[in-house]
Amino acid sequence: MIVLYRIYQILIMCPLIIVATIVTAVMTVIGSALGGGRWWGYYPEVIWARIFCWLAFVKVTVRGRENIDPSTSYVFVANHQGAYDIFTVYGYLGHNFRWMMKQSLRKIPFVGWACRWAHQIFVDNSSASATRRTMQEAEKLLSGGMSLVVFPEGARSWDGNMRQFKRGAYRLAVEFSLPVVPLTIDGAFDVLPRFKRLPVPGHIRLTIHKPIHPEADGHDLAKLMDQSRQAIADGLMH
C-alpha cells in the first residue's frame, strides 16, 4: 500500500501541489500589488494550505474556534511539530493573520516572493539593527489591526517534544497589550517530521485555547510565556 501511495505522491500529488503553489503565489502578488493585500495575502493561502492537506489525505480537526473573535488582533503562539503545522494553521485557524517567519524562507521559489508581497514578517537576527527592523515591521503590522502567528520554538522539533520558547513574539504582545492565544498542534509530527521529505496520511488536531489577556498593569513577560507554554502542553495527547 505504501508503494502505491508513493507513486500517487510522485505522479499526482506533487505536480498538483506545484501548480497550486505557483497559482497562489501569482494571485497573491497581483492582488497585493493592486492594493488588496489584506485579503489576497490570506484567503488564497487558506485554500492552498487545505489543498496540501487534502492531497496528502491529512484530516484536520479544530477545537476552540469559539475562543477567538475575528475582529480582534491577537498574537498566536503555537508549538512546531513539523512542516504540516503551517498548512494546519493557515488552512484551519479561521482568523486573518500574518506569519513571523525565518529569513531563509525568502529563498523558496514563488513562496518567498508571495510572502514579501503579503507583508509576512521575516525574522532577521543577523545584527542588532536588523533585529530592530524586524520588530518595527511587526509593530507596524499589529498597530494596523492584523494578528500575528509565531512558532516561539523557532524551529521544528526533532522528536515531537517542545523546545524552549523564545521571547520575541511575547515582547510584542507585552508592548501592545495584545491578548496571546496559545495553539496546540498535535499529530503533525507523525505526518511529516523535519527529517523526512514526504508526508503520510494522518490526523492533525488544532486546539485554539482561550486568550491570555493583559492584566490591569499589562502583561508579565515571564508569566505570559509560562502560561501559554503550559496551555499548549496541556492540549497535547498523552
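This is a predicted model: local features need pLDDT of at least 70, side-chain atom pairs count only at pLDDT 80 or more; totals for chains, interfaces and linings use all residues.

Modeller: One term is needed at the outset: a residue is called buried when its relative accessible area is under 20%.

Biologist: Which residues of helix 4 are buried?
Modeller: They are Tyr-84, Asp-85, Phe-87, Thr-88, Val-89, Tyr-90, Gly-91 and Tyr-92.

Biologist: And what happens just after helix 4?
Modeller: Gly-94 adopts a positive phi there, of about 80 degrees.

Biologist: What does helix 3 pack against?
Modeller: The buried residues of helix 3 pack against helix 1 (2-33), helix 2, strand 1 (58-63) and helix 4. Those buried residues are Pro-44, Glu-45, Val-46, Trp-48, Ala-49, Phe-52, Cys-53 and Leu-55.

Biologist: How far does helix 3 reach from its first C-alpha to its last?
Modeller: The distance is 19 Å for the 13 residues of helix 3 (residues 43-55), close to the 18 Å expected at 1.5 Å a residue. Just after helix 3, Phe-57 has a positive phi of about 60 degrees.

Biologist: Cys-53 was in that list. How many disulfides are there?
Modeller: The count is 0 disulfides. Cys-53 takes part in none, as the nearest cysteine sulfur belongs to Cys-14 and lies 15 Å away. Cys-53 itself counts as buried, with 0% relative accessibility.

Biologist: New topic: the second largest pocket. What is its volume, and which residues lie nearest its centre?
Modeller: The volume of the second largest pocket is about 320 Å³. Its lining has 14 residues, and those nearest the centre are Ala-118, His-119, Gln-120, Ile-121 and Leu-141.

Biologist: Which element gives the most to that lining?
Modeller: Helix 6 does, with 3 residues. At least two lining residues come from each of helix 2 (37-40), strand 4 and helix 6 (128-143).

Biologist: What classes of residue make up the lining?
Modeller: The lining of the second largest pocket contains 5 nonpolar, 3 polar and 6 charged residues.

Biologist: Take Ala-118. Where is it, and is it buried or exposed?
Modeller: Ala-118 sits in the loop between helix 5 and strand 4. With 3% relative accessibility, Ala-118 counts as buried.

Biologist: What does Ala-118 touch?
Modeller: Leaving aside residues up to four places away in sequence, Ala-118 touches Thr-28, Ser-32, Gly-41 and Arg-98. Ala-118 and Thr-28 are 90 residues apart in sequence, while their C-alpha atoms are 6.8 Å apart in space.

Biologist: And on the Thr-28 side, where is that residue and what does it touch?
Modeller: Thr-28 belongs to helix 1, and it is buried at 0% relative accessibility. With the same exclusion of residues up to four places away in sequence, Thr-28 touches Trp-40, Gly-41, Pro-44, Glu-45, Ala-114 and Ala-118.

Biologist: Back to His-119. Is it buried or exposed?
Modeller: His-119 counts as exposed, at 55% relative accessibility. His-119 lies in the loop between helix 5 (111-117) and strand 4 (121-123). Its phi is near 65 degrees, a positive value in a residue other than glycine.

Biologist: What about the phi of Ser-177?
Modeller: The phi of Ser-177 is near 50 degrees, which is positive in a residue other than glycine. Ser-177 is in the loop between helix 7 (168-176) and strand 6 (180-186), and it counts as partly exposed at 38% relative accessibility.

Biologist: Last one: where is Arg-194, and what does it touch?
Modeller: Arg-194 is in the loop between helix 8 (188-191) and strand 7 (202-208). Not counting residues up to four places away in sequence, Arg-194 touches Ala-155, Arg-156, Ser-157, Trp-158 and Arg-163. Arg-194 is partly exposed, with a relative accessible area of 26%.

Conventions. Residues are numbered from 1 along each chain as its sequence is written. Side-chain values use heavy atoms; hydrogens and water are left out. Helices (H or I, at least four residues) and strands (E, at least two) are DSSP runs, numbered from the N terminus. Buried means under 20% relative accessible area, exposed over 50%, partly exposed in between (1.4 Å probe, protein chains only). A disulfide is a pair of cysteine sulfur atoms within 2.5 Å. On a 1 Å grid over the protein atoms alone, a cavity is a set of points where a 1.4 Å probe fits but cannot get out, and a pocket is an open set with protein on both sides within 12 Å along at least five of seven lines; lining residues have an atom within 4 Å of a point. Grid points are joined across faces, edges and corners, and a volume is the space filled by probe spheres set on the points. Ala, Val, Leu, Ile, Met, Phe, Trp, Tyr, Cys and Pro count as nonpolar, Asp, Glu, Lys and Arg as charged, and the others, Gly among them, as polar. The expected span of a helix is 1.5 Å times one less than its number of residues. Contact means heavy atoms within 4.5 Å.
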